[in-house]
Amino acid sequence: MDFSMLLSGFATALTPENLLFGFLGCLAGTLVGVLPGLGPTSGIAILLPLTTVLPPIPAIIMLAGIYYGAMYGGSTTAILVNIPGEVGSVATALDGYQLAKQGKAGPALAAAAISSFVAGTLGLVGLTFFAPTLANVALQFGPPEYFALMILALSVVINLTGRSLVKGLVSAVLGFLIAMVGMESVTGYSRFTFGNMDLMSGIDFISVIIGLFAVGEIFSNLENIGAPVYKAKLERLYLTAKEFIYLLPTMIRSTIVGFFLGLLPGCSPGVTSFMAYDIEKRVSKHPETFGKGELRGVAAPEGANNATTSGGFVPLLSFGIPSGPALAVLLGGFMMYGLQPGPTLFEKNADLVWAVIASMYIGNVILLVLNLPLIPMWARLVKVPYSILAPMVLVFSFIGAYSVRFKLFDVGVAIIFGLIGWLFKKIEIPTTPLILCLILGTIFETSLRQSLNMSHGSIAIFFSRPISLVLLAVAFVLLAVSLYTRFKNPEAIQDALAEESE
């Protein structure tokens, strides 16, 4: 790596104009992340036309700021009101909301912000030094490797099934069925559409998440309307040195998980955050504390989803391959300016590439400064009576559901899944397996069918390729350990899992 290019990038990124648009991107991204459903993809898409009046470098810096800024903001509502701002923060809500109910919203928000900063910065170091090499590794992943990776991700489901394994698996199967609605990804045939044109394009998982978590949570709290989200007094809004040292290994582990999986197209922050959460629980000496308000349960998913954003820039800049919808929109931003991400981008537009990378280092600092001092302002949300907060949340939720595809149909989906979320809570069916399987369902099916097409129907292809074989072996070991632990000590483990999945 040529350090002079990175230093030149910092010189460009630190000009007043680029600093201003980097700040505006981070601020807009944080707001986009805070608002339920209005994730980075929608945020970049909505603001993309506005950047056409800017030169390429400040425009790309601003759009990139929106992307990774949304990852910071998404944790706020997940912790305070159990409503993930975007899909990467769903796992954060598992322990973050429990901490908020215990009066520990401040430390939880601080853990999320600091973990995001540490993981985001370490991920940028990886992006800076290892981009070409790591991109080559990612390119070795074909459909069989993706299928094996999805199996590995699905091994997490056992730990999210709650007190009843059967109820958890019912939730997981429902998630798969919802993912199958619409046009089949390989042949284009429609499934479960019943002649409805809106169902042809499938059910958007953002609307489902908004329904289950935001609308469903409001329905569940209608019985206690007038009461605040929790009555405990807010405590300190920072991490102690002891807590930081306690969380540091978690931040490093989640960075590794998030960054390397972020290199893979289709491996979204929603997937990596769940995997980081599960790994953290497995290595913990006290796994029973997860789901009851464990700070590591907040730091792990937040670190992973921010490291994933850095990892996603490696294939985007090196090969022009976006690893997710938000980066696909950002790719459109590059092409709007006549820039073609790929091997030649580092040669032809080195000044732009290194300015954007340098701006991301600066952006992480800006986001930390933006988020930590604003914690008291966000924390005040929990003192607002539900009779006032609920209508506001509903309005933002419906706007978020509508803004993804600009269809009223998605608002209806959010309402229906709100009722399903309320019902699930009543009959103690966990919603998290549904969300995870909905996110993974399309990639799982597509990679399976493509692999079988490659092998003419033989499953031997999954065991004859080294990477897929290793991933499958790890998945089966983790699955066996989870089942053994569950049945060996059913009462303690199931109680812990039940708390976690609620």
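I256 is partly exposed, with a relative accessible area of 46% (partly exposed lies between buried, under 20% relative accessible area, and exposed, over 50%, for a 1.4 Å probe and protein chains only). The structure is a predicted model, in which local features need pLDDT of at least 70 and side-chain atom pairs count only at pLDDT 80 or more, while totals for chains, interfaces and linings use all residues. Residues are numbered from 1 along each chain as its sequence is written, and side-chain values use heavy atoms, with hydrogens and water left out.

I256 is found in helix α11; helices (H or I, at least four residues) and strands (E, at least two) are DSSP runs numbered from the N terminus. Together with L122, F244, I245, L248, I252 and F260, I256 forms a nonpolar surface patch with about 610 Å² of accessible area. Helix α11 (residues 241-262) contributes the largest share of this patch, 6 residues. Patch members have over 30% relative accessible area and no salt bridge, with nonpolar side chains (Val, Leu, Ile, Met, Phe, Trp, Tyr) joined within 5 Å and like charges within 9 Å; areas come from the Shrake-Rupley method with a 1.4 Å probe, and for residues only the protein chains shown count as cover.

The structure holds 6 salt bridges, each defined by a side-chain nitrogen of Lys or Arg within 4 Å of a carboxyl oxygen of Asp or Glu. One of them joins E145 to R465, with the closest N and O atoms 2.8 Å apart. This pair links distant parts of the chain, 320 residues apart: E145 belongs to helix α7 (residues 143-154), and R465 to the loop between α20 (461-464) and α21 (466-488). E145 is buried, at 3% relative accessible area, whereas R465 is partly exposed at 26%.

A further salt bridge is formed by the side chains of R191 and E445 (2.6 Å, N to O). Here strand β2, which holds R191, is linked to helix α19, which holds E445, across 254 residues. R191 is buried, with a relative accessible area of 18%, and E445 is likewise buried, at 15%. R191 and E445 are also linked with R449 in a network of salt bridges.

D198 forms a salt bridge with K407, the closest N and O atoms being 3.9 Å apart. D198 lies in helix α9 and K407 in the loop between α17 (386-405) and α18, so the pair ties together parts 209 residues apart in sequence. D198 is partly exposed, at 31% relative accessibility.
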